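Here are my notes on the two-chain model. Please read them with the structure open.

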Amino acid sequence: MNQVPATSALQPGVSGLTSDFASDQSAFKKVPWGKAMMWIFLLSDTFVFACFLISYMTARASTTVDWPNASIVFGLHVGETNVPLLLIAIMTFVLISSSGTMALAVKYGYEKNRSKTATLLVLTALLGATFVGMQAFEWTKLISEGVRPWGNPWGAPQFGAAFFMITGFHGTHVTIGVIFLIVMATKVIRGALDDQRPGFLTGRKGRYEMVETLGLYWHFVDLVWVFIFAFFYLW
Amino acid sequence: MAHDQAQQQHPLSTYLWIWGLLFVLSVLSYMVDYVGFEGLLRWSLICLFMLLKAGLIIAVFMHMMWERMAIACAILIPPGVLIVFMGLMAIESNYTLIARLRFLLN
């Protein structure tokens, strides 16, 4: 944790920007170092996902073959009618719901409300697991319909490669997030954050800022999905 | 809103409002596909809803609007270069497409 100086010494806005970066020891005032490091990790992850999405754009814009229509490919039959993008829409709502429960978990964590924080973390993990389950269903459906990284029945062969790479990498992020949510929920239930008990891996003292740091990761996963939903499924 | 500690504490109503707005924006972006808008209208609406959702998540759920300007600038400005990268690759893919149409499909 940073040495936090008295608030009166810190200036707001642009003058604060220059004085923070010009100051000794740490530039990021009022930010625990774990949270600053999570932000920097997320910045690097932004570049990774952007590279995937930009290479998808390049492949799609340079192919002479028609790109498969996502609206039809990802549609589901409900009774007689074919609803476009239904599964993806449900996945989007599940992930946004989990983002909301995570934000509330962070809020109740700072209020040191152990039972509410734990409940909301478990709920977030369940919604995340639901998302991964639906993604597994989607992959199974597409693979059975003949989508491969090198071809598919509907159009440009790059469709499969872009789909598996982008959603696969995102799904991996969700899975890792679910694992860490379960770990954090266990810590909260045990009271390890209230007692500042050291963690089993890093030995860092437990504190409720950890819930916010984990929350940043989880919101980022939702944020990436917003871009994937727009560029891959809707475009 | 001023905060004396390193902690981020905001009223419940703020989170619930943003949560609701994210749902509404998701429904709207889904409707773009459901209604079947095409062309420039479709792309501009998709981008508008996408940027609004991303902005709300970063600003409120990730607490960026309450952070000091130093960390906000350090995190939010670098991804700007990705716009340049995207522009370069758009030009490149356009060239590739023209070359393929000219030399491969005749």
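1. Annotation first. UniProt positions are given in the numbering used here, feature names are shortened, and annotations may be inferred rather than shown by experiment. With that caveat, an unreviewed UniProt entry places the feature "transmembrane region" at residues 12-31, 43-62 and 69-91 of chain B. For chain A, the annotation "domain: Heme-copper oxidase subunit III family profile", also from an unreviewed UniProt entry, covers residues 38-235.

2. Ground rules. This is a predicted model, in which local features need pLDDT of at least 70 and side-chain atom pairs count only at pLDDT 80 or more, while totals for chains, interfaces and linings use all residues. Residues are numbered from 1 along each chain as its sequence is written, and chains are lettered from A and ligands numbered from 1 in the order in which they are written.

3. Chain B, fold. Chain B has 4 helices and 0 strands; helices (H or I, at least four residues) and strands (E, at least two) are DSSP runs, numbered from the N terminus. The order from the N terminus is α-α-α-α. Two of the annotated spans can be checked against this. Residues 12-31 of chain B are 100% helix and 0% strand, with end C-alpha atoms 29 Å apart. Residues 69-91 of chain B are 83% helix and 0% strand, and their end C-alpha atoms lie 34 Å apart.

4. Chain B, shape. The C-alpha box along the principal axes is roughly 70 × 35 × 15 Å for chain B. Of its 106 residues, 18% count as buried. The cut-offs: a residue is buried if 20 or more other C-beta atoms lie within 10 Å of its own, exposed if 12 or fewer, and partly exposed in between, with C-beta atoms placed from the backbone.

5. Chain A, fold. Chain A has 7 helices and 2 strands. Its elements run α-α-α-β-β-α-α-α-α from the N terminus. The annotated span 38-235 of chain A is 73% helix and 3% strand, and its end C-alpha atoms lie 31 Å apart. The C-alpha trace of chain A spans about 65 × 40 × 30 Å along its principal axes. Buried residues make up 35% of the 235 residues in chain A.

6. Helix packing inside chain A. The axes of α2(A) and α6(A) (residues 158-190) come within 10 Å and cross at roughly 170 degrees. Axes are lines fitted to C-alpha atoms, for helices over the stretch in contact, and angles run from 0 to 180 degrees between N-to-C directions. The pair is therefore roughly antiparallel, since angles over 145 degrees count as such. From α2(A), the contact uses A:F52, A:L53, A:Y56 and A:A59; from α6(A), it uses A:Q158, A:A162, A:M165, A:I166 and A:F169. Contact here means that C-beta atoms, placed from the backbone, lie within 7 Å.

7. The interface. Which elements of chain A give two or more residues to the side that touches chain B? In total, 48 residues of chain A are in contact with 47 residues of chain B. The elements are α1 (13-21), α2 (33-62), α4 (86-110) and α7 (209-234) of chain A. This side of chain A divides into 30 nonpolar, 12 polar and 6 charged residues. Ala, Val, Leu, Ile, Met, Phe, Trp, Tyr, Cys and Pro count as nonpolar, Asp, Glu, Lys and Arg as charged, and the others, Gly among them, as polar.

8. α7(A) and α2(B) (residues 39-61) pack at about 180 degrees, with their axes 10 Å apart. That angle makes α7(A) roughly antiparallel to α2(B). On α7(A), the contact residues include A:H219, A:D222 and A:F227; on α2(B), they include B:M50, B:K53 and B:F61. The contact divides into 11 nonpolar, 1 polar and 2 charged residues.

9. Backbone points to inspect. Most residues other than glycine have a negative phi. A:L85, not a glycine, has a positive phi of about 55 degrees. A:L85 sits in the loop between β2 (81-83) and α4 of chain A. Is A:L85 buried or exposed? A:L85 counts as buried because it has 22 C-beta neighbours inside 10 Å. A:K112 also has a positive phi, near 55 degrees, and lies in the loop between α4 and α5 (114-144) of chain A. A:K112 has 10 C-beta neighbours inside 10 Å, so it counts as exposed.

Conventions:
Contact = placed C-beta atoms within 7 Å. Parallel < 35°, antiparallel > 145°, perpendicular 65-115°, else oblique.
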